[in-house]
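Subject: Structure for your files

Hello,

Here is the structure I said I would send. My notes follow below it.

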Amino acid sequence: MTSPTSNAITANIGLIEQRLFRASTLANAAHVAAQRGEQNLAIGTLLPVEQDLADAEALLRTVFVLHRSRPDTTQAGVQ
């Protein structure tokens with residue numbers, strides 16, 4: 001089924017995947033830096049992760065809202 005809503009859901013899920021992939025990659029790099037004793041580098045590397053996770057959460061909420069939204073055709077007189 002292809003509709004504007006389905007397309008929006010698919011696009012948002014793709015964006016979630018991108019944000020989480022970047023967050024995971026940065027977390028891995030931060031972990032490596034921490035293991036080398038470079039705590040400041042590790043923390044600095046994690047800073048963008050905070051925004052990526054917030055973005056992923058907002059996108060997830062959007063996906064759920066889009067999924068739950070159904071046009072109420074009965075009140076518009078459409079049967």
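A contact here means heavy atoms within 4.5 Å. The model is predicted, so local features need pLDDT of at least 70 and side-chain atom pairs pLDDT 80 or more, while totals for chains, interfaces and linings use all residues. Residues are numbered from 1 along each chain as its sequence is written, and side-chain values use heavy atoms, without hydrogens and water.

The protein chain has 2 helices and 0 strands (DSSP runs numbered from the N terminus: H or I of at least four residues for helices, E of at least two for strands). Of contacts between residues at least 6 apart in sequence, 69% join residues at least 24 apart.

Helix α2 covers residues 39–68. From first to last C-alpha, α2 reaches 43 Å with its 30 residues, close to the expected 44 Å (1.5 Å times one less than the number of residues). There is a kink of about 25° at L47, shortly before P48; the bend is the angle between axes fitted to the seven residues ending there and the seven starting there.

Buried residues (under 20% relative accessible area; exposed is over 50%, partly exposed in between, 1.4 Å probe, protein chains only) make up 20% of the 79 in the chain. In α2 they include A42, T45, V49 and D52, and the buried residues of α2 pack against α1 (4–35).

L46, at 34% relative accessible area, is partly exposed.

Regards
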